[in-house]
Amino acid sequence: MAMSARAREAKAAVDVVTAFFGRIQAIADDPDALDFTFGNPHEMALPGLPAALRAHAEPQSVDWFAYKTSERGAQEVVAAGLVPELGLTFEPEDIAMTQGAFGAMSLALALLADAGDEVVIPVPGWFCYEPMLVAANLVPVRAPLDATTFDLDVDAIARAITPRTRVVIVNSPANPTGRVYPKAAWDELADVLERASNEHGRRIWLLSDEPYRRIRFDGVEFASPAASYPWTVIDYSYGKVLLAPGQRLGYLALSPLIPAAERDELREALMPLGLAIGWGFPDAVMQYSVPALETLSIDLAELTRKRDRLYGALTDAGLEVTRPEGTFYLWGRAPGGDAVAFCDALAARGVYLMPGTLFDRPEHFRISLTATMEMIDRALPHLLDVSAQLDRAA
Ligand code: PLP
C-alpha cells in the first residue's frame, strides 16, 4: 500500500466531504443552480482587494519576491489592530503570518502538540479539524456543544479531557451554528483547563479559532478566550472577512498573557516552525497588502439583511433555526429530521444546502449566507415548499 496509515486515516476523515462534492457536481453544469453550500463568493470581489494586490504586484526592490518569513510590516499592523480589538497588549513578535487559519492552526499544533497527544474539538464543528489533527499524528476527541442551543458545554469539554490532552480547540463565532460565546463561558472553561492542567501535571493549551471574529450581527460583542485563559493562541484568517478564501492570508497570535518564559520560547519558535511545516508563510504580495486589507470587510449590513430574510421566512414557516449571531452560516433542523432527504429534495429543484452529516449532526443543515439576496429570493419558495412536504410526510 502506497499510503501511510495516517494518510489513510486523514483521507477517511475527509470522506464525508469528498462524497458531498460528488453529490453537488451538478452545480458546475447548471448556471441557474442556487448554491448555498460552502462559504464561497457569489459576487465579484471587494474592489479594495485587487487594488491592494495590484499596488504590490510590481516589484519595488530586488528582494521583493525573495523568500519571505513573517514580514515585519504585516506583524506590526496585525499587533496594533489586535490591541484595541481584543484589549490585550500584543506585540509584533507575538504574530506569525500564515496561509489563512488553516496554516495558523497547523503551526499551532506543530508548536504545542506531540505525536499521539489528544486534541479536544467541538461537535458540531468545522469538518477540517479532524483530518488536520489525524494528518499531524494527533488524536481528535469530540466534545459536544449543547444539543439545542449549541452553547459551549464546558462540562462536556471537562469530560473529554484526559492525561493525554494537550490542546482544546474552540471556535467563536462558530461554524456551523453562528453562535458567539460570552466571556462568562470562557471564564468557566479557563477554570476547567487550569484545574485539569494541574491535576494531570501537564499544561493544556487553548487554540482559539477566530476566522469569523469580525463577522457579527446586531452589535453582538466578541470576547476572545485569550483574555480569560493565559495559555491561549489565536488563529485568524482574512479569507472570511474579505470573502476571498483563495487568496491565502492569516496569522497565529500568541496571547500576551502567556507567562514570559513560555511566551519568549514560543516567539522564538514561530519562524523555525513556520519553515519546518513546509514554509507556511503567506505569499509576499499578500503580506505587503496587510495594511490595506486590514481596513476591508464584506458588507455586514447586507449580510444582516440576508440573515434576517432567511431566518425570518424559515422560522415563520415553523422550522427550528438557530439565529446566527456571527459567521455567514444559518444552521437549522431539517423538517422530518433527515437532512440528507431535505437537501436531496432541494437539490432536485436546483437548490443546494449542506447537510449536517458533514458536522456529525445528520438532523441539521447549513445554509451559506454568502449567496446573493436574489438567490435567496429564488430559493425561498422551494425551501418552504419542500419543508411543508416533508412535514406532511413525517
Ligand atoms: N476555521 C473554521 C471554523 C472555518 O470555518 C474555516 C474555513 O471554513 C477555517 C478555520 C479555515 O479558514 P481559511 O480557509 O481561511 O484558512
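**Leu319 and its surroundings**

Trainee: Which residues is Leu319 in contact with, leaving aside its neighbours within four places in sequence?

Mentor: Leu319 is in contact with Leu314, Arg333, Pro335, Phe365 and Ser387, where contact means heavy atoms within 4.5 Å. This is a predicted model, in which local features need pLDDT of at least 70 and side-chain atom pairs count only at pLDDT 80 or more, while totals for chains, interfaces and linings use all residues. Residues are numbered from 1 along each chain as its sequence is written, and side-chain values use heavy atoms, with hydrogens and water left out.

Trainee: Okay, and is Leu319 buried or exposed?

Mentor: Leu319 has a relative accessible area of 8%, so it counts as buried (under 20% is buried, over 50% exposed, and in between partly exposed, with a 1.4 Å probe and protein chains only).

Trainee: Switching topic, what does the domain assignment give?

Mentor: The chain is assigned domain 1 (5-44 + 297-393) and domain 2 (48-293), with bounds from an automatic or database assignment. Their centres, taken over C-alpha atoms, are separated by 26 Å, and 34 residues of domain 1 touch 33 residues of domain 2.

Trainee: How many residues are in the largest nonpolar core?

Mentor: That core has 66 residues, and those with the most contacts inside it are Phe127, Leu152, Leu189 and Leu252; a nonpolar core is a set of buried Ala, Val, Leu, Ile, Met, Phe, Trp, Tyr and Cys residues joined through side-chain atoms within 4.5 Å. At least three of its residues come from each of domain 1 and domain 2. Another core, of 33 residues, lies apart from it and includes Leu303, Leu314, Cys343 and Leu369.

Trainee: And what does Leu152 touch?

Mentor: Not counting residues up to four places away in sequence, Leu152 touches Leu145, Ile157, Val170, Tyr181, Ala185, Trp186 and Leu189.

Trainee: Which peptide bond to Pro173 is cis?

Mentor: The bond from Ser172 to Pro173 is cis, with omega near -10°, and Pro173 is in the loop between β5 (165-171) and α8 (183-200). Most peptide bonds are trans.

Conventions. Helices (H or I, at least four residues) and strands (E, at least two) are DSSP runs, numbered from the N terminus.
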